Amino acid sequence: MNIGHEAVLAGKHVVIVGGSSGMGKATAKMAQSLGATVTIASRNLEKLASAASEIGDGVRVSPLDTTNEQTVKAWAAALGPVDHLVISASSAAHGAFADLPTDDLRSMFEAKFTGPYVTAREVLPYLQAGGSITFFSGVLSRRPAVGATGLAAVNAAVEALSKGLALELAGRVRVNCISPGMVDTEAYASMTSEARAAMYEQVGASLPVGRIGHSAEIAQAVVMAMTNGYLTGAVLDVDGGHLVRA
Ligand SMILES: NC(=O)c1ccc[n+]([C@@H]2O[C@H](COP(=O)([O-])OP(=O)(O)OC[C@H]3O[C@@H](n4cnc5c(N)ncnc54)[C@H](OP(=O)(O)O)[C@@H]3O)[C@@H](O)[C@H]2O)c1
């Protein structure tokens, strides 16, 4: 039995929605280095072009807003056959239960749950037998935090979606979910560098590994989810031990 990543991804078409930034971009780089043909998708064409030139020759870019349902079907049809679909695109809304505007909550569910749901559904006809779908949740689903109850709930919804789909698509496509802990990505770019460094330091010190994560460490787990034929219906906690921290 050949379980080498290189052999399994060579010649495969890997589509990464959210591939212009953070963990999606790191996954695109790793998949490309392992021989895959990679397509990255997200809303901002400039960000996509800049990510593509960073990732290297041959990367395809395909603009998409997952929350614009009318456009997703045609976008998916233009992809051609797909072996592995990864969806890391999302946005997060923070706020106390009593204060978080309902519109912010709805937008977050659109971007992190409904958009990925619709995207996976529309790509499904083009997903090749033996392929995979990998969604992203986050550690808050099972270790909630004050001021992030809505985000905890949407993460839990994504995990339930992954497990349900693993059953519904059984025998054809495997479906898994990556649940990252805190990872240094562009998601925190709006913070001042001092505030960001202090947050990374504080969260990192609370974790068994003593630091926050790097995007490439999450990409490694996504490659595992794509290539391990015995893995489906799983939520992979790549979180530095966040779930077991004191
Ligand atoms: N970073 C962390 O500490 C952390 C912790 C726990 C969980 N997570 C989860 O892990 C996943 C990846 O996070 P990350 O930090 O790598 O994110 P990121 O760096 O902020 O990247 C998000 C990507 O999604 C794209 N995107 C956002 N909304 C979209 C939409 N509606 N349609 C299409 N593309 C869209 C963005 O590009 P455009 O803006 O150009 O569309 C970007 O490429 C997310 O689900 C996040 O919630 C992250």
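This report walks through the largest pocket of a predicted model and the ligand that sits there.

## Ground rules

Local features need pLDDT of at least 70 and side-chain atom pairs count only at pLDDT 80 or more, while totals for chains, interfaces and linings use all residues. Numbering runs from 1 along each chain as its sequence is written, and side-chain values use heavy atoms, with hydrogens and water left out.

## The pocket

The largest pocket comes in at about 1400 Å³. Of its 49 lining residues, S90, S91, A92, A187 and Y188 are the closest to its centre. (A pocket is an open set of points on a 1 Å grid over the protein atoms alone, where a 1.4 Å probe fits, with protein on both sides within 12 Å along at least five of seven lines; lining residues have an atom within 4 Å of a point.)

(Helices are DSSP runs of H or I, at least four residues.) By class, the lining splits into 22 nonpolar, 20 polar and seven charged residues.

## The ligand

The ligand takes up the space of this largest pocket (more than half of its atoms lie within 2 Å of the grid points). Around the ligand are 28 residues, and S20, S21, K112, T185 and Y188 come nearest (a heavy atom within 4 Å counts as near). That shell has nine nonpolar, 14 polar and five charged residues.

Which distance separates a ligand oxygen from a side-chain N or O atom of Y188? It's 2.6 Å. A polar side-chain atom of S20 lies 2.7 Å from a ligand oxygen, and a polar backbone atom of N44 is 3.0 Å from one.

Definitions and conventions
Points joined across faces, edges and corners; volume = space filled by probe spheres on them. Nonpolar A, V, L, I, M, F, W, Y, C, P; charged D, E, K, R; others polar. Polar contact = N/O pair within 3.5 Å; in protein donor to acceptor, adjacent residues only side chain to side chain.
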